[in-house]
Amino acid sequence: MTATPKFAHVVFQTSNPTAMRDWYCAVLDGHVVFQNENLCFITYDEEHHRVALLTPPVPLERKTPTTAAAHHVAYTFEHLDDLLTRYELLRDKDVTPAVCIAHGVTTSMYYQDPDGSFVEMQIDNFADPDEATGYMNGPEYSADAVGPAFDPEAMLSARRSGATVEELVHRSWALKSKLPDPMLVLTGAV
């Protein structure tokens, strides 16, 4: 089944176009399709652009926790190993997640762009959307809809040591690390 409408692209206003362009190209493994002094179009797949940067002629302020705006854009990988490979590639370019969360329905890494917006890199933990919806209507999700934070280096190490995907994406694995409440990062409280 094809969804209608299909997602096309997201546009960010920025006064920091070079840093934003380089950051989105690194995080999405993308490339610039077109750029001038006011616009930059970036893609990472067959679409002509997935991210656009608009630079107005007036200076803009960096997003703050009290700015009313979209919170994040999410991108999904097929497999945990793909997510961990992207994590490793970005880490080696000094781009690290602001927080990683075992949502239960997804396993997610949240990065923050140079202007303060979040990008979620994730995998779905359920193969069937109906199973995911069932989980979201269940007691674990009802008790904590956000889920615990996890350490991506510990996850990468555990995976390389033979831990299964099913083991690592379960909230019980993340809870072992006893990290601070991830909502503090997502809401800008820290």
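Select leucine 90: it is buried, with a relative accessible area of 1%. Buried means under 20% relative accessible area, exposed means over 50%, and partly exposed lies in between (1.4 Å probe, protein chains only).

Before moving on, note that this is a predicted model: local features need pLDDT of at least 70, and side-chain atom pairs count only at pLDDT 80 or more, whereas totals for chains, interfaces and linings use all residues. Residues are numbered from 1 along each chain as its sequence is written, and side-chain values use heavy atoms, with hydrogens and water left out.

**Stop 1: leucine 90 and helix H2**

Leucine 90 sits in helix H2. Helices (H or I, at least four residues) and strands (E, at least two) are DSSP runs, numbered from the N terminus. Which residues does leucine 90 touch, leaving aside neighbours within four places in sequence? They are Ala26, Val27, Val95 and Tyr111. Contact here means heavy atoms within 4.5 Å.

Now select residues 80-91, the whole of H2. Its 12 residues should span 16 Å at 1.5 Å a residue, and its end C-alpha atoms are 16 Å apart, so the two agree. The expected span is 1.5 Å times one less than the number of residues. Colour the buried residues of H2: Leu80, Leu83, Leu84, Arg86, Tyr87, Glu88 and Leu90. Their cover includes helices H1 (17-28), H5 (152-160) and H6 (165-168), along with strands S5, S7 (106-112) and S8 (118-124).

**Stop 2: helix H1 and its end**

Select H1, one of the elements covering H2's buried residues. H1 has 12 residues and reaches 16 Å from its first C-alpha to its last, close to the 16 Å expected. Buried in H1 are Met20, Arg21, Trp23, Tyr24, Cys25, Ala26, Val27 and Leu28. Ala26 and Val27 are also among the contacts of leucine 90.

Step just past H1 to aspartate 29. This residue lies in the loop between H1 and strand S2 (31-35). Is aspartate 29 buried or exposed? It is exposed, at 57% relative accessible area.

Jump to lysine 178 for another positive phi, near 50°, in a residue other than glycine. Lysine 178 lies in the loop between helix H7 (171-175) and helix H8 (183-186). It is exposed too, with a relative accessible area of 73%.

**Stop 3: glutamate 120 in strand S8**

Select glutamate 120, in strand S8. This charged residue (Asp, Glu, Lys and Arg count as charged) is buried, with a relative accessible area of 5%. Show the side chain of tyrosine 110: the glutamate 120 side chain makes a polar contact with it at 3.3 Å. A polar contact is a pair of N or O atoms within 3.5 Å; within protein, one must be able to donate a hydrogen and the other to accept it, and residues adjacent in sequence count only if both atoms are side-chain atoms.

Not counting residues up to four places away, glutamate 120 touches His72, Val73, Ala74, Tyr75, His103, Thr106, Ser108, Met109 and Tyr110. The C-alpha atoms of glutamate 120 and alanine 74 are 4.4 Å apart, though 46 residues separate them along the chain.

**Stop 4: arginine 50**

Go to the loop between strand S3 (39-43) and strand S4 (51-54), where you find arginine 50. It is buried, with a relative accessible area of 6%. What does its side chain reach at 3.1 Å? The backbone oxygen of alanine 8. Beyond its neighbours within four places, arginine 50 contacts Phe7, Ala8, His9, Val10, Ile42, Thr43, Tyr44 and Asp45.

**Stop 5: the largest pocket**

Select Phe12, Gln13, Lys63, Asp115 and Ser117, the lining residues nearest the centre of the largest pocket. On a 1 Å grid over the protein atoms alone, a pocket is an open set of points where a 1.4 Å probe fits, with protein on both sides within 12 Å along at least five of seven lines; lining residues have an atom within 4 Å of a point. The volume is about 360 Å³. Grid points are joined across faces, edges and corners, and the volume is the space filled by probe spheres set on the points.

The lining has 20 residues. They divide into 9 nonpolar, 7 polar and 4 charged. Strands S1 (10-13) and S5 (72-77) each supply at least two lining residues. S1 gives the most, with 4.
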